[in-house]
Amino acid sequence: MTSTVILQAAGGGNMLSTIVPMVLIMVVFYFFMIRPQVKKAKDHKKLVAELGKGDKVITTAGIHGKIVDLNETTFLIEVESGAKIRFDKSAVSLDATKAAIAPAKA
C-alpha cells in the first residue's frame, strides 16, 4: 500500500488518464486523415483500371484527350490537334466520358 501512495505522489498514478487521450487523438487522426486518403487512392486505382480505348480523359497536367492505345502502365492519348502523347496511367485525374454522362449534382 505504501508503494502505491509513493507512486501517486510522484506523478506516476493513473496511466489510463494519459493513454486514453493519446488513443482518442490516434482515432481522430485515422478518420480525418488516413481513411479519406486510402479511399481516394482506391477510387483512383479503380478509375484507371476501367479506362479503355475511346475514353476521353483529363490528365493531372490538364491535358484533354482521347485514349487511342493502352499498355500495362501507360496510355497514348490523342489531343485535339491530332498529336499523340504517351502518359503514365497514374497521370489520369478524370474520366471526361463518364463525367459528361453523369447528371449534375444540385
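Three helices and five strands make up this chain, and the model you are looking at is a predicted one. Of the 106 residues in the chain, 19% are buried. Here is a friendly tour, topic by topic.

**The sheet**

- The five strands form an open sheet in the order S4-S3-S2-S1-S5, and their pairing is antiparallel.
- At the edges sit strand S4 (84-88) and strand S5 (92-95), each of which pairs on one side only.
- From one strand to the next, the twist averages 45°.
- Strand S1 (residues 56-59) runs antiparallel to strand S2 (residues 64-70), and three bridges join them.
- To find your place in this pairing, look for Ile58, which stands opposite His64 in S2.
- Strand S3 (residues 74-78) is joined to S4 by five bridges, and these two strands also run antiparallel.
- Thr74 has Asp88 in S4 as its bridge partner.
- S3 and S4 form a hairpin with five residues between them, and Gly82 in the turn has a positive phi of about 95°.

- A nonpolar surface patch of about 1,200 Å² includes Met15, Ile19, Val23, Val27 and Val28.
- Phe29, Tyr30, Phe31, Phe32, Met33, Ile34 and Val38 are also among the residues that make this patch.
- Phe29 is found in helix H2 (residues 16-49).
- With a relative accessible area of 42%, Phe29 is partly exposed.

**Aromatic pairs**

- Searching the whole structure turns up two aromatic pairs.
- In one of them, the rings of Tyr30 and Phe31 have centres 5.2 Å apart and planes at 80°, so this pair is edge-to-face.
- Both partners also belong to the nonpolar patch: Tyr30 is partly exposed at a relative accessible area of 38%, and Phe31 counts as partly exposed at 45% relative accessibility.
- The rings of Phe75 and Phe87 have their centres 6.2 Å apart and their planes at 25°; because planes under 30 degrees apart count as stacked, this pair is stacked.
- Phe75 lies in strand S3 and Phe87 in strand S4, so the pair ties together parts that are 12 residues apart in sequence.
- Phe75 and Phe87 are both buried.

**Salt bridges**

- The structure holds two salt bridges.
- One of them brings together the side chains of Asp43 and Lys39, at 3.3 Å from N to O.
- Asp43 and Lys39 both lie in helix H2, four residues apart, which is about one turn of the helix.
- Asp43 counts as partly exposed at 41% relative accessibility, whereas Lys39 is exposed, with a relative accessible area of 53%.
- Another salt bridge is formed where the side chains of Asp69 and Arg86 meet, at 3.8 Å from N to O.
- This pair links distant parts of the chain, with Asp69 in strand S2 and Arg86 in strand S4, 17 residues apart.
- Asp69 is partly exposed, with a relative accessible area of 25%, and Arg86 is partly exposed too, with a relative accessible area of 42%.

Terms used. Residues numbered from 1 in each chain as written. Predicted model: local features only at pLDDT ≥ 70, side-chain atom pairs only at ≥ 80, totals over all residues. Heavy atoms only, no water. Pairing = 2+ DSSP bridges. Axes fitted to C-alpha atoms, helices over the stretch in contact; angles between N-to-C directions. Patch = residues over 30% accessible without salt bridge, like charges linked within 9 Å, V, L, I, M, F, W, Y side chains within 5 Å. Areas by Shrake-Rupley, 256 points an atom, 1.4 Å probe, with all protein chains shown as cover. Salt bridge = Lys/Arg side-chain N within 4 Å of Asp/Glu carboxyl O. Buried < 20%, exposed > 50% of the residue type's maximum accessible area, 1.4 Å probe, protein only. Phe/Tyr/Trp six-rings, centres within 6.5 Å; stacked < 30°, edge-to-face > 60°.
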